[in-house]
Each structure stands twice: as C-alpha cells, then as structure tokens.
Amino acid sequence: MTEKSDFDLKKFQSEVYKDFIGVQMTFSLAQLEFKSLESKGVKVTGSTTGLLIRAGLAGFRALAKRSIKSVETKPDFDEKEIRAARIFDDPKIKNLLCPRLRAEILPDLPIEAMRARMVRIVTCALLDTEPAEEFSIEKDVRFFSLLILKIWQKGIVAYCLRNDL
Amino acid sequence: MHNTKFDLKDFQSSVIKSHATLMSQLSTAGLRSDAEPSGSRTNTNAGFIKRCILKQLKSLSRDFAQRLVESEAFAEREAKARELISDPRIHSILCPLLTAKISDDLFEEAMAIEVILILTSSLTSKRVAKELSIETDANLFARMAHEILKQGTEKYCPATPTESSDEVIDDFETSDLAREIAEYSDAIVRDPTDAETFHGRGLAHYDKGDYDAALSDFFRATELDSTYGAAYYDRGRVHNMLDNSDLAISDMSKAIELNPEDPIAYLGRAMIRQYREEYELALADYSKSIELNPDDAEAYYNRALCYADIGNSGASLADYDRAILIDPKDANAYYSRGSVYFRQNDLDRAIADYSKAIEIDPQDEETLYWRGVTYYNQQEYGLAIADVSRAIDLKSDFADAVCQRAHVFRDMKYYDLAVDDYDRVISLEPENSEAYYGRAISQYYTHDYVSAIEDSSTAIKLEPNVAEGYVVRARVYCETGQKELAKADELKATELGGEITTPCN
C-alpha cells in the first residue's frame with residue numbers, strides 16, 4: 001500500500017479507469033459464456049461477478065487473454081468482490097454517491113465519458129478522509145473497479161432509487 | 001455538412017476513440033513525454049525466443065507508428081487543428097466552457113474526454129461548421145483536443161483583464177470640461193452681458209452632467225437675448241433630462257418658432273414627444289426634420305425607432321436602411337435594425353446586423369447579449385455562450401446575460417454550470433422568477449427533486465400567473481409519485497396557457 005503522503009489521486013484514478021475498462025470487457029465476455037453454459041444445460045450456482053468472470057475464463061481465453069489474466073492472477077479477487085458488494089449496498093455510501101452520480105452521469109453522454117465521470121465521482125467521494133476511515137476503504141485499484149462495475153451493472157436510476165419526498 | 005442525421009453522442013464516442021488511438025500512436029512512436037522507455041515492459045520471465053519475438057514486434061509497431069506520425073496526412077491534420085484552435089472565434093466559443101469545466105484535478109483520460117465533449121458540443125453545429133470551415137471529422141477533433149491539452153487550458157484560455165479604460169477617459173473629459181467652465185467663467189466676469197458665453201458655459205455644465213447649473217446658464221442666456229433659439233433648444237434638453245417634459249416641449253417649440261428652418265429643434269421635440277408616447281406628433285416632427293435635412297442619419301434612425309414603437313416594422317426597416325446608407329459606421333442603427341429582424345423572427349438577418357454592430361463596436365455588451373440570445377434561438381449553443389460570456393466579461397453584473405448563459409448551459413446539459421449561473425442571477429436579482437424556474441429545470445434533470453420543487457414554488461410565488469413554474473413543478477411532482485399535486489399544477493398551467501407535453505398518469 002502506498003503511503004498517504006505519496007498518494008497521487010489522479011494517477012490512481014487513471015489506473016482505476018483502465019482497470020475498470022478491462023474488468024468490464026472481461027465481464028461482458030464472461031456474461032456471454034455464462035449464457036452459453038446455461039443454454040447447454042450446465043447449472044451454474046451463485047450469482048456473483050466473480051462466478052461469472054470465472055465462467056467466462058473457460059470460453060474466452062483467446063479473446064480476452066490479457067484482461068482475464070489480470071483477473072486470474074489476483075488471489076484475493078473474491079475478497080475484494082465481497083468488500084465491493086458490501087460497500088455497494090451500504091445506504092450511507094449510496095447517499096454519498098447518488099447526488100453526484102445523478103447530477104453528472106447523464107443518459108446522452110457517450111459511454112467513455114460515463115465511465116470516466118463515474119471513476120472520478122466514486123474515487124473522489126470514497127477516498128475522502130471521513131468515508132475512507134469509516135468504511136476502511138483501501139486505495140486498491142481492483143476493489144474500485146469492481147465497485148464501479150456493480151454500480152454500472154445496476155444502472156444509476158436503479159441504484160439511486162429514492163423515497164425522500 | 002451533415003448529410004445524414006448527425007448523432008452527437010456517436011460522434012463524441014468516435015472522437016474519444018480517435019484521441020486514444022492518437023495518444024497510443026504518439027506514445028509508440030516515442031513522441032510523448034510519458035512514453036515507456038524502450039524495453040521497460042519486457043517480460044524477463046519469458047524465454048529467450050519469446051523475448052526476441054516480443055522485441056521484434058515492438059520494433060515493428062514503433063516503426064509503423066513513426067511512419068504514420070511522419071506522414072503528410074498526419075502533418076496536415078495537425079496543422080489544420082492548430083490553425084482552428086488559434087482562430088479567435090473558436091477560442092471565444094471554447095474558452096467559457098473550458099475554463100468552467102476543466103480543472104487541474106481531473107485525471108488524464110477524464111480531462112481529455114471532457115475537452116472532447118466541449119469541442120464536439122460547441123463546434124459541430126451547422127453554422128459553426130460552415131462559417132469556420134470545420135469538418136465533422138473525428139480525427140480532426142481528436143487532434144484539436146490534443147493540441148488544447150498539450151497547451152493546457154490555462155495557457156489556451158488566459159484570464160482576460162476586465163478593467164475598463166472608460167474611467168480614465170471620463171477623468172480626462174471631466175478635467176477638460178472643468179477647464180472649459182473656468183474659462184467661460186473668466187469671460188463672464190469680464191463681460192456679464194454676453195448671452196453666448198452663458199450658453200457656452202451651460203453646454204459645458206450639461207456635458208458634465210451638472211443640469212441645474214446648465215439650466216441656470218441657459219435661462220440667463222435667454223434673458224440676455226430673447227431671440228436666442230439655440231439657448232431655448234438647449235434649455236429644453238435640460239428640462240427633459242430633469243423629467244420636465246412639458247417645459248422641454250415648450251422650450252423646443254419656442255426654438256422652432258424663432259427658427260422654423262432648424263431641423264435640430266424639430267428632432268429634439270420629436271424625441272421628447274416619442275418619449276411621452278405621442279407617436280403621431282413625434283413622427284410629424286421627425287418627418288419635418290428629415291424634410292429640412294434629408295441627409296441626417298440620426299433623424300432617420302430616431303424615426304425608425306418611433307415606427308418600431310407603433311409596430312410599423314416595414315417603415316422602421318426602411319428608415320434604418322436609409323440611416324445606414326447615410327452613416328454605414330453607426331453601430332446603433334445595425335443593432336436596432338437587428339432587433340426588428342429578431343422580433344420578426346428573421347434570425348439570420350438579425351445576426352448579420354448584430355455582427356456588423358459588433359464589428360464597429362466590439363465593446364457593446366447589449367449587442368453581444370442579443371446576438372447570443374439569437375444564436376440560442378437557433379440552437380447555436382457554442383456561439384451563444386461565446387457572446388453572452390463576452391457580454392458578462394464586459395459587465396459582470398449583467399443579470400440578463402448571466403441568465404441567458406445559464407439557459408444555454410442547461411440546454412447543453414451542463415447542469416452544474418447552469419445552476420452556478422442561476423445562483424449568480426438570483427444573487428444579483430433575488431426576485432428574478434426566470435432564474436428560479438430555470439434552476440428548477442436543471443435540478444429536475446439532475447434528479448434533485450427537493451430543490452426543484454422549492455425553486456419552482458418560488459418562481460410561482462414571484463409570478464403566479466406564469467405557466468412555466470407550474471409546468472416544471474407538475475413534472476417533478478409526477479416523477480416523485482405525488483400525482484394529485486401534479487394534476488393540480490398541470491390544470492393551473494393549462495389555464496394559464498402552458499403546454500403539458502406528457503401529462504402525469
């Protein structure tokens with residue numbers, strides 16, 4: 001882990017952005033393979049991203065070799081995925097992220113802009129001292145990629161449903 | 001320009017990809033400062049043959065990238081991009097948005113994307129593309145973004161000095177007038193019976209804005225010479241400045257009586273009558289003035305204004321044409337004729353006239369504002385922002401211009417910038433219902449429903465008989481499941497003539 005004083009947020013965000021694209025691509029390929037396994041009658045239990053990605057490894061090694069390898073070689077993938085899921089579901093985190101997500105992730109933006117803004121919003125909000133300490137958020141690129149992927153998959157509207165009026 | 005239906009979102013995506021490819025090419029060719037040093041990523045665990053192959057591949061791709069970046073087409077595009085971004089018109093379109101949206105704390109990819117969004121949303125309209133010869137070519141836009149990023153937005157858009165030199169000029173003029181008044185006063189001491197000297201000092205007081213002193217001197221002049229028409233005329237002007245229009249007309253009439261062939265006196269009386277909304281009498285005086293001096297552009301200009309006041313656009317335009325023919329350097333005539341075209345919804349002609357007025361007087365914030373409004377009505381958002389931002393630079397408390405820019409930002413979906421500008425309008429004019437209503441729309445689109453209801457309610461409170469506030473609030477109520485309230489607002493909006501495009505069900 002990088003020391004706090006040496007931490008370069010912009011560099012970190014850039015790494016998260018690149019990693020998120022890789023994870024997202026891997027996930028998309030894996031999702032196709034998952035559907036293909038199901039259509040062949042193979043029963044796949046569990047519903048986590050990790051499971052889907054592992055399912056994808058079987059069928060798309062050649063296509064997504066590089067990104068799959070980067071997922072494959074991380075032994076603590078499951079642990080990060082669980083932590084990301086916990087943070088994702090936390091109402092306080094939602095309250096923290098949603099106003100900015102709703103304000104900045106607009107439907108008529110190109111996908112690349114949505115990704116970049118989402119990375120900026122999520123990293124800035126969660127690496128701020130208070131939430132970072134309260135939720136023990138580490139400056140871990142893969143953890144942030146997985147968290148952003150979860151929000152992406154859910155969609156801003158569904159993730160930020162509110163009943164505060 | 002756009003033969004098929006232009007899809008901005010698709011184009012933006014293409015430019016972002018093209019920019020990423022450009023970065024990669026420059027990096028591979030070793031033309032970026034952050035390019036990886038040769039061999040830095042060689043996998044030391046790989047076998048000898050694999051390492052050789054990797055090295056060979058890398059060398060091949062570097063050669064390819066180098067050939068590409070050294071190609072003629074590449075250089076041409078680079079030159080074109082540089083030429084475009086240095087065009088002052090493009091500069092004025094881009095800078096208000098670049099300075100507002102691009103901050104140093106954005107990471108590299110995000111900054112490039114945001115710059116591309118600004119470039120593409122501001123420079124792809126038909127008018128901009130045609131007038132500034134910009135092709136909607138993804139590679140060209142990527143190159144432009146690269147050039148701006150290379151310079152840095154702070155260098156590309158340096159802060160413009162807002163201090164005006166008007167005050168210095170005013171100081172000079174004031175000291176000149178003071179000297180003039182002193183000289184007249186000396187002359188009056190030497191000969192207190194000369195009407196012309198009193199008249200001269202009165203004019204200097206008038207120019208200085210000291211109307212009481214001017215009035216006193218003009219009175220003295222007419223006392224000394226009761227046939228002094230010019231003194232009556234100028235006394236009439238002072239009465240008019242002091243809001244005594246009856247006395248002003250009486251003095252102007254006396255000046256006409258003393259000199260019935262003086263076109264200036266008719267012109268003066270006409271202007272006062274126009275101000276009093278006595279349009280027929282005013283038109284008669286303007287016409288007499290023109291009859292006596294057919295080459296007076298000012299008379300045509302003022303009669304045109306008078307015709308515009310009574311809704312006779314045709315006669316008004318004819319007089320503006322004549323005024324411009326006599327004095328082609330009169331910015332006011334172009335501005336006013338542009339306003340007639342604007343009211344007639346002849347927006348192209350309005351823009352042509354406003355542009356001519358701006359060419360003559362580039363510091364006139366009113367004309368810049370109105371051209372911005374006209375561009376906005378044509379959905380030429382980049383050009384609109386450039387103009388209203390310039391108007392705001394010239395007059396920082398120009399609430400209408402700030403409000404207009406907020407509308408443009410809102411329609412360009414830069415809701416954060418729109419809200420900032422609406423905030424600024426509300427701080428300048430706390431009773432400005434249009435700003436509350438506009439801010440409510442921006443908040444609605446960013447799903448800040450609590451604030452949207454609050455602001456639309458304030459707009460309704462300030463202007464209870466304007467439909468827009470009810471329309472927005474109805475939409476927010478509907479979106480948040482408060483259907484009864486939504487329906488009540490929809491009903492009220494319809495009663496007031498508002499249009500409900502998607503009723504709440």
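A bit of housekeeping: it's a predicted model, where local features need pLDDT of at least 70, side-chain atom pairs count only at pLDDT 80 or more, and totals for chains, interfaces and linings use all residues. Residues are numbered from 1 along each chain as its sequence is written, chains are lettered from A in the order in which they are written, and side-chain values use heavy atoms, leaving out hydrogens and water.

So, the interface. Chain A puts in 22 residues and chain B 25, with contact meaning heavy atoms within 4.5 Å. Together they bury about 2,100 Å², 63% of it on carbon and sulfur atoms; that's accessible area (1.4 Å probe) lost on being put together, summed over both parts.

There are 4 salt bridges between the two chains, each a side-chain nitrogen of Lys or Arg within 4 Å of a carboxyl oxygen of Asp or Glu. Have a look at Arg117(A) with Glu114(B), at 2.7 Å from N to O.

Which helices of chain A are involved? The largest share, 6 residues, comes from α6(A). Those are DSSP runs of H or I, at least four residues, numbered from the N terminus.

Now the cores: buried Ala, Val, Leu, Ile, Met, Phe, Trp, Tyr and Cys joined through side-chain atoms within 4.5 Å, buried being under 20% relative accessible area (1.4 Å probe, protein chains only). In the largest, with 137 residues, Leu101(A) and Leu123(B) touch the most other members. Leu101(A) touches Met118(A) and Ile121(A), among others.

Methods
Buried area = accessible area lost by both parts, 1.4 Å probe. Helix = DSSP H or I, 4+ residues; strand = E, 2+ residues; numbered from the N terminus. Buried < 20%, exposed > 50% of the residue type's maximum accessible area, 1.4 Å probe, protein only. Lists of a residue's contacts leave out its neighbours within four places in sequence.
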